[in-house]
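The following paragraphs walk through one protein chain, from its overall dimensions and surface down to a few selected residues. Please keep the sequence and the model in view while reading.

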Amino acid sequence: MLTFYNVCSVPSSFQLIGIPGLESLHIWLSIPFGSMYLVAVVGNITILAVVRVEHSLHQPMYFFLCMLAIIDLVLSTSTMPKLLGIFWFGAGDIGLDACLAQMFLIHCFATVESGIFLAMAFDRYVAICNPLRHTIVLTHTVVGRLGLAALLRGVLYIGPLPLMIHLRLPLYKARVISHSYCEHMAVVTLACGDSRVNNVYGLSIGFLVLILDSVAIAASYVMIFRAVMGLATPEARLKTLGTCGSHICAILIFYVPIAVSSLIHRFGHQVPPPIHTLLANFYLLIPPILNPIVYAVRTKQIRERLLQILKIETKIR
């Protein structure tokens, strides 16, 4: 490590401390966090396997669901193994490049997930408002291109964050990050240089992703509800809205924790640091855990296929 003026330095690594203020409880916290990570991995792999083997699920909505499952696996796996290492072994040391890579993966795939939710809202809009053209508009090729567009958007939006830190902020006044992973603002606050550009860019990207995507999704559902209200019978309205139930639940599961965590981070200066860090971890864990459960419970084809698999395993035993 190179040091300048005994104040700022060029670190080769950082030290993650896990959940600040709760270090004495780390071994106990590893039990719920490890259990949640296991549920997230098993649940999302199960969704991928069921959609793969069940040909009736080879439809746009379920292809998007598979994309969500992959994204959730990346988000949870980019943070939880390191966090469990901190809890179990005190292995908080993380190299500078690894820290920036983790930062990129977390923020990039959170952005990609928002883009997939937007694509799913478009899918529901076409399926309900223009059902005769649904299979024509949302072909397998179009679904793949929408997924690729969401990925490229995430890379383009988030790619500059670690690059700006690497190029503009090489000096740091400390190497201890009061967080469980390399969150952008947690790293930037340790920098010695002028971080205003990084702060403005981070806030701008947060606005573009969270606000604009939310508005676009809300607009699509306004048009969906207008179309549904035009149906002849209440039964038809409920049946049509039922096809959107899983998507609406998944949207709320994704956006509400992020919005709460962001508001507390920006304005909740009186909130204890452990609450900040726990919320930041929960918004990376809650969607990977609940998305497979929501779709398994609310989607008839997935539910029936899972029950069929369980019956086969019971007969074999």
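The chain exposes about 16,000 Å², and carbon and sulfur atoms supply 70% of that area. The model is a predicted one. Its charged side chains number 21 positive and 13 negative, with 7 Å between the centres of the two sets.

As for overall form, the C-alpha atoms fill a box of roughly 75 × 50 × 35 Å along the principal axes. The radius of gyration is 22 Å, which agrees with the value near 20 Å that a compact globule of 317 residues would have. Of the 317 residues, 45% are buried. The secondary structure consists of 13 helices and five strands.

Helix α1 covers residues 26–53. With 28 residues, α1 spans 40 Å from its first C-alpha to its last, close to the 40 Å expected at 1.5 Å a residue. Its buried residues are H26, L29, S30, F33, G34, Y37, A40, G43, N44, I47, V50 and V51. H26 has a relative accessible area of 7%, and because this is under 20%, H26 counts as buried. Beyond its neighbours within four places in sequence, H26 is in contact with I17, G18 and I19, and also with I86 and F87.

The next stop is a strand. I94 lies in β4, which runs over residues 93–95. Its relative accessibility is 9%, so I94 is buried as well. Leaving out residues up to four places away in sequence, I94 touches S13, F14, L16, K82, C99, Q102 and C182. S24 is 70 residues from I94 in sequence, and their C-alpha atoms are 21 Å apart in space.

Further along, C192 sits in the loop between α8 (184–188) and α9 (196–229). Its relative accessible area is 29%, so C192 is partly exposed. Residues up to four places away aside, C192 touches C8 together with L171, Y172 and K173. P292, by contrast, is 100 residues from C192 in sequence and 43 Å from it in space, C-alpha to C-alpha.

The buried residues of α9 are N198, G202, I205, V209, L210, D213, I217, S220, Y221, I224 and V228.

S214 is also part of α9. How accessible is S214? At 28% relative accessible area, S214 is partly exposed. Apart from residues up to four places away in sequence, S214 touches V209 and Y255; V209 is one of the buried residues of α9. D194 is 20 residues from S214 in sequence, and the two C-alpha atoms are 32 Å apart.

Note on methods: Residues are numbered from 1 along each chain as its sequence is written. This is a predicted model: local features need pLDDT of at least 70, side-chain atom pairs count only at pLDDT 80 or more; totals for chains, interfaces and linings use all residues. Side-chain values use heavy atoms; hydrogens and water are left out. Helices (H or I, at least four residues) and strands (E, at least two) are DSSP runs, numbered from the N terminus. The radius of gyration is taken over C-alpha atoms; the globule rule is 2.2 Å times the number of residues to the power 0.38. Buried means under 20% relative accessible area, exposed over 50%, partly exposed in between (1.4 Å probe, protein chains only). Accessible areas come from the Shrake-Rupley method with a 1.4 Å probe; for residues, only the protein chains shown count as cover. Lys and Arg count as positive and Asp and Glu as negative; His and the chain ends are not counted. The place of a charge is taken as NZ of Lys, CZ of Arg, CG of Asp or CD of Glu. Contact means heavy atoms within 4.5 Å. The expected span of a helix is 1.5 Å times one less than its number of residues.
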